[in-house]
Amino acid sequence: MLLKSLRSENTFVLSEFLFLLEAFDLLSDPARLETYIEAHNRQLQALIDNREERRLLGLEVPRLNRGLFSAIQLHKAKANLLSATPGLDQADIQRLTILLFSPETGRRVIEALEQAGYISRLETPYFSKIIRSKGVVERYFSEYLDQIRKNVGATKSGPTG
């Protein structure tokens, strides 16, 4: 069952998300994370306000509302980066990936990645779970992108390129 979960499209999507967090260095600076979350909130609010776009994407307002960060949640996300065990709260990851999949799907993928040893989930005294990647999925995703670049480059330089 674990292998099936790890091979799922949702695991690929969350791996890409973790890769992008690292690539854009979003977890090294609370101000950078704040800018990202504020842009995330603006994107969701624009969808909430645009009924036609929501319909085209098959998204409902309650789901989009679940992805919005309140001022307190934003402050907590930044504070989590400054803690002794810096990382993102699982609920924050679920909010940030609300356009990609449901919070429940996100939880299942996170648990599969933890079971495989790719991330750790640290329970806090505040009943939250801090997610810390061990860098494995980001490295695999980077290798995947390198292979795509190599394959595209070989196609372009081939006899018909």
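## Cores, helices and a hairpin in a predicted model

Thr-97 lies in the loop between H7 and H8. Helices (H or I, at least four residues) and strands (E, at least two) are DSSP runs, numbered from the N terminus. This is a predicted model, in which local features need pLDDT of at least 70, side-chain atom pairs count only at pLDDT 80 or more, and totals for chains, interfaces and linings use all residues. Residues are numbered from 1 along each chain as its sequence is written, and side-chain values use heavy atoms, with hydrogens and water left out.

Is Thr-97 buried or exposed? Thr-97 is buried, with a relative accessible area of 1%; buried means under 20% relative accessible area, exposed over 50%, and partly exposed in between (1.4 Å probe, protein chains only). Leaving aside residues up to four places away in sequence, Thr-97 touches Leu-14 and Phe-17, where contact means heavy atoms within 4.5 Å.

Leu-14 and Phe-17 are among the residues with the most contacts inside the largest nonpolar core, which has 22 residues. A nonpolar core is a set of buried Ala, Val, Leu, Ile, Met, Phe, Trp, Tyr and Cys residues joined through side-chain atoms within 4.5 Å.

In soluble globular proteins, nonpolar side chains tend to be buried together.

The protein as a whole has nine helices and three strands. From the N terminus on, its elements run α-α-α-α-α-α-β-α-α-β-β-α. Of its 161 residues, 34% count as buried. Among contacts between residues at least 6 apart in sequence, 59% join residues at least 24 apart. The C-alpha trace spans about 60 × 40 × 35 Å along its principal axes.

Strands S2 (residues 119-123) and S3 (residues 129-133) run antiparallel and are joined by five bridges; two strands pair if DSSP finds at least two bridges between them. Arg-121 stands opposite Ile-131 in S3. S2 and S3 form a hairpin with five residues between them. In the turn, Phe-127 has a positive phi of about 65°.
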